[in-house]
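Q: I would like to learn how to read a protein model one feature at a time. Could we take the general idea before each case?

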Amino acid sequence: MSYALLGHIAFDLLNAPTALDERRSATFAEHEVLSGKPRLQAMGVNLTEITLNLSLHHQLGAVESRYQALIAAKESQQALALVLGFS
């Protein structure tokens with residue numbers, strides 16, 4: 001059995017996550033110069049984006065209530081810890 005925990009929202013998964021994608025990026029400011037190519041200045045590293053595909057089943061838990069909890073978490077605009085586990 002596998003499981004995931006996002007903040008206080010628990011998910012029992014049929015299998016391991018079907019996909020996990022991580023995206024990292026940085027921001028640069030562009031400065032025009034009189035002659036030649038513009039110069040770039042590093043402004044910092046952006047937040048890492050993680051995309052996780054999960055297979056849920058109504059017999060393993062209340063899918064609708066967890067979906068509503070995810071919407072509420074997004075609207076609260078608070079960062080949540082993601083914990084993946086495999087037993």
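A: Let us start with a pair of side chains: those of Glu22 and Arg24 meet in a salt bridge, at 2.6 Å from N to O. Side chains of opposite charge can pair when their charged atoms come close. The rule used here asks for a side-chain nitrogen of Lys or Arg within 4 Å of a carboxyl oxygen of Asp or Glu, and by this rule the count comes to 1 salt bridge. Please keep in mind that this is a predicted model, in which local features need pLDDT of at least 70 and side-chain atom pairs count only at pLDDT 80 or more, while totals for chains, interfaces and linings use all residues. Residues are numbered from 1 along each chain as its sequence is written, and side-chain values use heavy atoms, with hydrogens and water left out.

Q: Are Glu22 and Arg24 buried or exposed?

A: The words rest on relative accessible area, where buried means under 20%, exposed means over 50% and partly exposed lies in between, with a 1.4 Å probe and protein chains only. Glu22 counts as partly exposed because its relative accessibility is 44%, whereas Arg24 is exposed because its relative accessible area is 64%.

Q: How should I read the largest pocket, and how much space lies in it?

A: Rolling a probe the size of a water molecule over the atoms shows where empty space is left. On a 1 Å grid over the protein atoms alone, a pocket is an open set of points where a 1.4 Å probe fits, with protein on both sides within 12 Å along at least five of seven lines, and lining residues have an atom within 4 Å of a point. Here about 440 Å³ of space lies in the largest pocket, the volume being the space filled by probe spheres set on the points, which are joined across faces, edges and corners.

Q: Which residues line the largest pocket?

A: There are 13 lining residues, and Leu6, Glu49, Ile50, Thr51 and Leu82 lie nearest the centre. By class, the lining has 10 nonpolar, 2 polar and 1 charged residues. Strands are DSSP runs of E with at least two residues, and helices are runs of H or I with at least four, numbered from the N terminus; β1 (2–6) and β6 each supply at least two lining residues, and β6 gives the most, with 4.

Q: Where is Thr51 placed, and which residues does Thr51 touch?

A: Thr51 sits in strand β6, which covers residues 49–53, and counts as partly exposed because its relative accessibility is 42%. Leaving aside residues up to four places away in sequence, Thr51 touches Ala19, Leu20 and Asp21, where contact means heavy atoms within 4.5 Å. The C-alpha atoms of Thr51 and Arg23 are separated by 8.4 Å, although the two residues are 28 apart along the chain.

Q: How many residues has helix α1, and what span does α1 reach?

A: An α-helix has 3.6 residues a turn, so residues three or four places apart point the same way. Helix α1 (residues 63–76) has 14 residues and reaches 20 Å from its first C-alpha to its last, close to the 20 Å expected at 1.5 Å a residue; the expected span is 1.5 Å times one less than the number of residues.

Q: Which residue follows α1?

A: α1 is followed by Gln77, whose phi is near 55 degrees, a positive value in a residue other than glycine. Gln77 lies in the loop between α1 and β7 and is exposed because its relative accessible area is 70%.

Definitions and conventions:
Nonpolar A, V, L, I, M, F, W, Y, C, P; charged D, E, K, R; others polar.
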